[in-house]
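Student: Could we go through this structure together and check what stands behind each label?
Tutor: Gladly; here it is.
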Amino acid sequence: MKEVWYDEEVDILNIQVCEKGYWKSIELSNDIVVDIGKDGSIIAIEILHASKWFAGDARKVIDGARVVSS
């Protein structure tokens, strides 16, 4: 895995799998977006409203991510 970061201001957890040329984003559900590379591979996963999904013990996921601000 390349990098995991959390933006507190907009409550987004981003899991960047690799650095490749971006092609497009696909919304899988209301809160999960997958970024696809030009070669068709998954390059990142964005989880919107992350604090809603990663609460309680699972909050470790957000706490372990690099915190960024917009």
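Tutor: Let's start with the surface: the accessible area of the protein chain is about 4600 Å², with 54% belonging to carbon and sulfur atoms. Such areas come from the Shrake-Rupley method with a 1.4 Å probe, and for residues only the protein chains shown count as cover. This is a predicted model, where local features need pLDDT of at least 70, side-chain atom pairs count only at pLDDT 80 or more, and totals for chains, interfaces and linings use all residues. Residues are numbered from 1 along each chain as its sequence is written, and side-chain values use heavy atoms, leaving out hydrogens and water.

Student: Why does Leu 28 count as exposed?
Tutor: Its relative accessibility is 60%, and exposed means over 50% (buried is under 20%, partly exposed in between; 1.4 Å probe, protein chains only). Therefore Leu 28 counts as exposed.

Student: Where does Leu 28 lie?
Tutor: In the loop between strand 3 (22–27) and strand 4 (32–37). Strands are DSSP runs of E with at least two residues, helices runs of H or I with at least four, numbered from the N terminus. The protein chain has 2 helices and 6 strands, in the order β-β-β-β-β-α-α-β.

Student: What makes the protein chain as compact as a globular protein of that length?
Tutor: The radius of gyration, taken over C-alpha atoms, is set against the globule rule, 2.2 Å times the number of residues to the power 0.38. The chain has 12 Å, close to the 11 Å that the rule gives for 70 residues, so the description holds.
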